[in-house]
There are 4 protein chains.
Amino acid sequence: MNFTSDNAAGAAPEILAAIARANDGTAGSYGADEITQRLNEKLSRFFEKEVVAHPVATGTAANSLALATLTPHYGAVLCHEGAHIYEDECGAPEFYSGGAKLIPIAGAHGKLSPASITAALGHFQRGFVHHVQPATISLTQTTERGTSYTPADVAAIAGVAKKAGMSLHMDGARFANALAFLKCTPAEITWKAGVDAMSFGVTKNGALAAEAVIFFDPKRAADFEFRRKRGGHLFSKMRFLSVQIEAMLDDGLWLKLAGHANAMAQRLGQGLAHLPGCALEHPVEANEVFARLPSRSAMETLLTAGAKFYPWGPVADRPLIRLVCSFATSEAEVDRFLAAAKRSA
Amino acid sequence: MNFTSDNAAGAAPEILAAIARANDGTAGSYGADEITQRLNEKLSRFFEKEVVAHPVATGTAANSLALATLTPHYGAVLCHEGAHIYEDECGAPEFYSGGAKLIPIAGAHGKLSPASITAALGHFQRGFVHHVQPATISLTQTTERGTSYTPADVAAIAGVAKKAGMSLHMDGARFANALAFLKCTPAEITWKAGVDAMSFGVTKNGALAAEAVIFFDPKRAADFEFRRKRGGHLFSKMRFLSVQIEAMLDDGLWLKLAGHANAMAQRLGQGLAHLPGCALEHPVEANEVFARLPSRSAMETLLTAGAKFYPWGPVADRPLIRLVCSFATSEAEVDRFLAAAKRSA
Amino acid sequence: MNFTSDNAAGAAPEILAAIARANDGTAGSYGADEITQRLNEKLSRFFEKEVVAHPVATGTAANSLALATLTPHYGAVLCHEGAHIYEDECGAPEFYSGGAKLIPIAGAHGKLSPASITAALGHFQRGFVHHVQPATISLTQTTERGTSYTPADVAAIAGVAKKAGMSLHMDGARFANALAFLKCTPAEITWKAGVDAMSFGVTKNGALAAEAVIFFDPKRAADFEFRRKRGGHLFSKMRFLSVQIEAMLDDGLWLKLAGHANAMAQRLGQGLAHLPGCALEHPVEANEVFARLPSRSAMETLLTAGAKFYPWGPVADRPLIRLVCSFATSEAEVDRFLAAAKRSA
Amino acid sequence: MNFTSDNAAGAAPEILAAIARANDGTAGSYGADEITQRLNEKLSRFFEKEVVAHPVATGTAANSLALATLTPHYGAVLCHEGAHIYEDECGAPEFYSGGAKLIPIAGAHGKLSPASITAALGHFQRGFVHHVQPATISLTQTTERGTSYTPADVAAIAGVAKKAGMSLHMDGARFANALAFLKCTPAEITWKAGVDAMSFGVTKNGALAAEAVIFFDPKRAADFEFRRKRGGHLFSKMRFLSVQIEAMLDDGLWLKLAGHANAMAQRLGQGLAHLPGCALEHPVEANEVFARLPSRSAMETLLTAGAKFYPWGPVADRPLIRLVCSFATSEAEVDRFLAAAKRSA
């Protein structure tokens, strides 16, 4: 009953098997291997567009390198005030960009809206040398509150971005979960809706450690490889990164794993929603459940029962908790949690 | 016959087995797992001293993060002009340190000496605000020319460092190969000889991707974790990094793999040294051979025979080439190379 | 009738005279001149404490260098959301600190309060590697809304800072105006109230271009000089910077000039407050007046009459404007403005 | 007899007079004043080309901002090993560029040559992600050894730069002295010879503190203003910077002052060259003399006689000293120095 994070799960067996297969003989290093060479093409098919894709190993690296590529040092990145890039990366985007500014924006259910972005843009004067220059909007898909932007949501925000001459970045640490919920194609939720670059995460999805930075406009990727090298994110035995991403794409593994995680979250969310005194704080639109418990003692009871999860924010009289499901979460675990919750309520 | 780099080899089977073992159930993320928790202790036993050890995934990350921790932004790092950190990391140490300066120093066989360092120090005035301040000396062990510093070599350089109030860093991307050659203990070649911090590399040694940054004085490590996070080098599923290092330590795997690679290099080096027109450019003191071939056509013949390796520097009439052996290099490969070389000479 | 900024005025005649006096013969460069040598002692007397003081030429430099000295690259600076360092320096503090984060905090009349700071601190977990670490609180004295923190205000905030292990910085671009209003000593409003470092600005006060960064604890200043040099803010003919600051201290010139500017602002503010439809948005506690005009046409009338000033924020039906008085503002100008305002109202 | 530096002199009276003239009434701040507005045109006339010119106050700022504008963070700047930007700016160019690398190149009399640059370029592989990418060549005019590049010298180096796709930067801290020596036009020695951007220094020439960064191709200047602001080098009362540069251009003041300084250096150099045991280390091609004295005691005698100057490098049996003349150096001073030198020899 570990619902602390999708990071708490290990790797899917298919991923380890793929790594073992890749470990055959010698190969070119630093990306000059066959697997990496063909990965770009595979991702281009995945996205139905010629993309430039570069593997890295962590989400922080993917986001920070992408943002630094899109944003000049005197630029600003507009993001939700609860965005991982704003709250939980210890200033990595600032470090990689040479000190660009992240502008936090409030919004219900972890989401930005065209209106909230437009209001934030009102504080900055284009070309005015005293102001940082709004350069990039960053969305998290799915959001840090377990909700997902629809293609129409993304397109509306992209409209604001384009009008303001800004780039649109998507932090896709849980991209697969969003797609499994939205039932749309990778293309529809990204470049077709106006996304310029994204972090395509597969670690939370069930890989060991792998993410791909995707540029939908190859011209925007020009300096990326130097930046990755300087960040220490160019792997010598790159095939082991690339093969994880490849294995996710093959036979739709990414969608199968994310679909399972989402189903477990739905089961958990629906179960909790029906318990007296419990309430869902946000709609469950991926693999995360944010639930308000009836009391502090209810939370204690769950922890005592062996459930692992994080309270969200300061613990209140009706504590808010976050529950994350992964590819490895079982129905039995969910049901045990619900049974314990029922007892505690 | 791939002698391009020890990076061209994959991972040792023991490493993959260890990763599979680690993939059991859930675990704390970002280092809050059992394997990572016990790694520090294991490395402390390895080094016979309480160390602070932090896993990262690439050598560039290990070096740059260590150097940035030891060196203020207005500091200078003195290193060999052929050092990997100077030549082959695209300025990563400069990036991580906020623009510290790497000072290249010439020296035979890829090695620094107390005299060459002292001469270089003569250009800087301590406390003079116009000069960057010499803060760190960085040695590569084994060097980029396949030679190894003895404990006495290191101690002599440490003496210069201490006198000048500087830290001593060791880039140990091929640390195991040096130890397999020197037959000394990890302690003797590091902190006992005056090293303050090191990059303990196991990727080239046969891991998938893993290095540990070791601080022999815990106080020096104070800010390291924030720096690592900001660099995007804190892995969510950290157990998979840590277990690679652990597996190397268990049963002396690191030494077994390095010993094999070194033996292959010795076989290769001795074979070449006896061929007419061939000559070793540097003594073979680890797993690399730098050989001068009798002619350009000899080099072409080897390449045509299917041997893979890099010419070193501009191709001259008597080309200099680099041959790197790994844990996976076989005697048969070496002998085939030597046979081809004999034919070509 | 130029009320756009105290920067619009030139330099006080006493400053130009001092520069001319300093231009006598040769002198040591980069601060090795007599005037700079004695400046530290003069400022120590001014602050009734042994301080470390370093002249620079711009407020942005003073603030950014001070903040970067107090704040590690993974740190956070808490400041008012309207702070100059947050809004109007194009990310200079982020640049100088290597990407530290500025956290904007709301507050009436441009002021931070212990409560608002404490609330903001609640979002950060000390030692948690994913969070930037709150390191510094920065106050502007006088604030960007023309109000002044009393010694008790500062002490209360310093209490929060000390409890949280943070430094307290004061942006004193209009420090003299605050003191002229508060009638307290420089010591009382700074180190005696808990300030660790400050930007002591005299440019707006009537100098050509000069600020001093003051450290009340000499130990905190250790790296400052290297940082200043690397920022390009160490002047070769330093005597010309230092003498401006010295001239301000001599015979209380700083207080005389600031007192005049404040008096003009009071006259302006009181005049406007009595006009029908006009209202002061913030109390006038230094040399700035924030006034709401009765109508857009009233604002137009004033501009047509030759008055120069900036609207503050988007122009509303009852426009908010900012009026800044300087050492050079005359009563006649103020009265002409008030007369025009009366006609327009 | 102060020959330590041209920085030891104060400001020329014409400069102080210009500042006083500029101090008339209010003016737009941050460059929105009339003097700054017309400065670009004046410098365009000076260089016989539409340039983009931005005033800053120090040479370090001018060089670092210009180099950072021309060089990506993963780029390299090739310069003489004795270049001020390499040796005497405490890593300011590295700081401003986000960690670009300065590559030191040896060369007689402080000068780079096409051959030495080409040899240095041989160490870097274009597009190879492990290598920093050569982006900029920086010349100092006049050099740190008091010699000057002729238009043909510059053009030859520009040829190497263009062929390698690099920019050519000129550190013109003593630009006026070079022109006074070369008797060519500003255009001939800069853009006509292939210079892309320069630091046009007038502080050493006799200003208080003023330099202009000149871009000969306006497109290259795109981001400069944001960079200057973030560096804290945008002055609020900009008119006082701009007017210094303007005053230098008016009536050829720059050339008059530099011509005098050069004449004094010639007098000094020729005088020393004829003394027994004395020798000029470098040709005197501007306002600096590098002379070898007959003995340590000769140097001591000169110092005892009240002469101020710096020994150059470690003091040898025949000490090398540097003597710098300024606009304020008098014939009498030179002659007194020569007389003392004669006695000491």
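Q: How many residue pairs are in polar contact between domain 1 of chain A and domain 2 of chain A?
A: This is a predicted model, in which local features need pLDDT of at least 70, side-chain atom pairs count only at pLDDT 80 or more, and totals for chains, interfaces and linings use all residues. Residues are numbered from 1 along each chain as its sequence is written, and side-chain values use heavy atoms, with hydrogens and water left out. A polar contact is a pair of N or O atoms within 3.5 Å; within protein, one must be able to donate a hydrogen and the other to accept it, and residues adjacent in sequence count only if both atoms are side-chain atoms. Between the two domains, with both residues at pLDDT 80 or more, the count is seven.

Q: Which element gives the most residues to the side of domain 1 of chain A that touches domain 2 of chain A?
A: Helices are DSSP runs (H or I, at least four residues), numbered from the N terminus. On this side, α8 (175-182) and α11 (239-249) of chain A each supply at least two residues. The top contributor, with five residues, is α8(A).

Q: Which side chains meet in a salt bridge?
A: A salt bridge is a side-chain nitrogen of Lys or Arg within 4 Å of a carboxyl oxygen of Asp or Glu. The count between domain 1 and domain 2 of chain A is one. At 3.3 Å, N to O, the side chains that meet in a salt bridge are those of A:Glu288 and A:Arg174.

Q: What are the bounds of the domains of chain A?
A: Such bounds come from an automatic or database domain assignment. The assignment gives domain 1 (24-251) and domain 2 (254-344).

Technical notes: Chains lettered and ligands numbered in written order.
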